[in-house]
There are 2 protein chains.
Amino acid sequence: MSYFGEHFWGEKNHGFEVLYHSVKQGPISTKELADFIRERATIEETYSKAMAKLSKLASNGTPMGTFAPLWEVFRVSSDKLALCHLELTRKLQDLIKDVLRYGEEQLKTHKKCKEEVVSTLDAVQVLSGVSQLLPKSRENYLNRCMDQERLRRESTSQKEMDKAETKTKKAAESLRRSVEKYNSARADFEQKMLDSALRFQAMEETHLRHMKALLGSYAHSVEDTHVQIGQVHEEFKQNIENVSVEMLLRKFAESKGTGREKPGPLDFEAYSAAALQEGNDETFAGSQGLSPSRTKPAGAGARATCSCRFPGARFRDMSRGG
Amino acid sequence: MSYFGEHFWGEKNHGFEVLYHSVKQGPISTKELADFIRERATIEETYSKAMAKLSKLASNGTPMGTFAPLWEVFRVSSDKLALCHLELTRKLQDLIKDVLRYGEEQLKTHKKCKEEVVSTLDAVQVLSGVSQLLPKSRENYLNRCMDQERLRRESTSQKEMDKAETKTKKAAESLRRSVEKYNSARADFEQKMLDSALRFQAMEETHLRHMKALLGSYAHSVEDTHVQIGQVHEEFKQNIENVSVEMLLRKFAESKGTGREKPGPLDFEAYSAAALQEGNDETFAGSQGLSPSRTKPAGAGARATCSCRFPGARFRDMSRGG
């Protein structure tokens, strides 16, 4: 529907001016959209960097203790979130390029349009000019008529009456010409104004369709990222759930465990007999020219002895409240 | 399953030390979790503030032009996003309080636990002590046996042999006592170590369950916000779709429109007759003591004249490329 062709007339014929200045806002809103998206891209980039920093915080989590493996879940999740927001930043930066490219096209269209509507501006000015003459011409005619009427009432001479009548006729003729000029200017204005209004509307329509397509692209990028972020959150939740408490305890026990063999009890008879056997072996080994190794433990009893070598000193600080 | 009761034995009996130091990491990981959530809360707060700033950018979008109403959609959406992230910030700040509260409880539990495992530390040290005596005692016994054997082979006097045998018996007795002490210390250690391992595991299990509950709460808050953000995005997309190009054109035409009445054509006869009528009215009005108003337009023709009053001068700058 031709909204512009209908709503921009009115008493003062400001319509063309209003339309022209509004249409000039098109490239401004395009620039503003680019600024808005740029700001959003910066926000996403900042968020992405902060998430990468958060990921480092997670990877600095103490590697000791049973909770340690869960830091990896945090780290992975933060890294992925950082990536999602970085990807959005890049998509928005690409979109800004599209917006700016459109802005350049738009400026060309506007320049062309300006050339096309110049004649409407002329028509507006011509109509304005003749409209200013019209009341003067009309007043002049009215005065002549009143003069003639006054002379008639005062029964002035026929000669004076004839002179007055001639003046009235001239004034009427002048008024007729003014009316004709006005009608011609008005018709020209109406046609050109309608043309321009339709042209402006078509331009705005194209502009708005283009802008809405850009907004669609913006919304699409944001939504895409939102879906990805949702997957990262879901993954995080699943990973936390998957790492059961039992698994953490087992993992810890297996990785930090010191061994499953308890120190065995010693049997005196076996232990002393083994010592003697060891002594005999050494005597024999000595006669074979091997170096003596009396203190070296061997056999079951010796293993038990070995199990008993405690780093006792290392615990002392603990009892002092370390 | 008792993972701790199984995996922390081994040759050097370091198990208790490893477990004790690992369990001490519990409060550290709690503190680290609080730090992590605090950092995340700060990130969300920063994002929220940036979004509020973005909303202002949107509300500063040019109010002229057909695109103007769409800035409102941007503004509302940015405001809502700011709110979502602010709400997440607050939820995370509450969660930090929960984490810190748990951290305090945990420290109390750890203090109590430390008191309970002190006797295990003693048992470890006693076992370490007797284990160091054992090889010496064994070596002494072995030497006595070898001395006795050597004397026997050298056919030494019975008196010397008896002396050597007495020494061997004493050494055997000493070794037997050492073995008994070791066995007693070992049994005590095994029982206490097992008790402590189970106690440590129970503590870690409780710790991990608590931490996982906190992580669940964290994931829940993040997910809640994610759902809300999704709604804001959906709303944004819908609002953009709902504001059709036609609606924007109509809205613009209706709000910025200058009027729907075109300047009408003038009919000379009617226009001049109206002028005369006006003149007569004024003469009449003048005789009634009313002020003259010759220039005041009246009737259809006069309305048309009125429509023609152009602000022609205002367009001049446009033709100069304004």
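This is a predicted model: local features need pLDDT of at least 70, side-chain atom pairs count only at pLDDT 80 or more; totals for chains, interfaces and linings use all residues.
Chain B contributes 147 residues to the contact, and chain A contributes 148 residues. Together the two chains bury about 13,700 Å² between them, with carbon and sulfur atoms giving 68% of that area. Polar interactions also take part: 41 residue pairs are in polar contact between chain B and chain A, counting pairs with both residues at pLDDT 80 or more. On the side of chain B that touches chain A, helix 5 (residues 158-242) of chain B supplies the largest share, 31 residues. That side of chain B is made up of 69 nonpolar, 40 polar and 38 charged residues. Ten salt bridges cross the interface. One of the cross-chain pairs to look for on screen is B:Lys262 with A:Glu190, whose closest N and O atoms lie 3.6 Å apart.

The nonpolar side of the picture can be followed through individual residues. The largest nonpolar core holds 148 residues, and the members touching the most others are A:Phe4, A:Phe74, B:Phe4 and B:Phe74. Beyond its neighbours within four places in sequence, B:Phe4 contacts residues of both chains, including A:Leu249, A:Phe252 and A:Ala253 as well as B:Leu19, B:Ala197 and B:Phe200. With a relative accessible area of 1%, B:Ala275 is buried. Its contacts, again leaving aside neighbours within four places in sequence, are A:Arg138 and A:Leu142.

Over all chains, the salt bridges number 56. Within chain A, A:Glu87 pairs with A:Lys91 at 3.7 Å between the closest N and O atoms. These two residues are separated by about one helical turn because they stand four residues apart in helix 4 (residues 68-153) of chain A. Both partners are partly exposed, A:Glu87 at 34% relative accessible area and A:Lys91 at 24%. Helix 4 of chain A also carries A:Lys97 and A:Asp94, three residues apart, which form a salt bridge at 3.8 Å. Here A:Asp94 is partly exposed, at 45% relative accessibility.

A further pair, A:Glu173 and A:Arg176, meets at 3.9 Å, N to O. Both residues belong to helix 5 (residues 158-242) of chain A, about one turn of the helix apart. A:Glu173 is partly exposed at 38%, as is A:Arg176 at 30%. Finally, A:Arg144, A:Asp147, A:Arg150 and A:Glu154 are joined into one network by salt bridges that share partners.

Note on methods:
Residues are numbered from 1 along each chain as its sequence is written. Chains are lettered from A and ligands numbered from 1 in the order in which they are written. Side-chain values use heavy atoms; hydrogens and water are left out. Contact means heavy atoms within 4.5 Å. Buried area is the accessible area (1.4 Å probe) that two parts lose on being put together, summed over both. A salt bridge is a side-chain nitrogen of Lys or Arg within 4 Å of a carboxyl oxygen of Asp or Glu. A polar contact is a pair of N or O atoms within 3.5 Å; within protein, one must be able to donate a hydrogen and the other to accept it, and residues adjacent in sequence count only if both atoms are side-chain atoms. Ala, Val, Leu, Ile, Met, Phe, Trp, Tyr, Cys and Pro count as nonpolar, Asp, Glu, Lys and Arg as charged, and the others, Gly among them, as polar. A nonpolar core is a set of buried Ala, Val, Leu, Ile, Met, Phe, Trp, Tyr and Cys residues joined through side-chain atoms within 4.5 Å. Buried means under 20% relative accessible area, exposed over 50%, partly exposed in between (1.4 Å probe, protein chains only).
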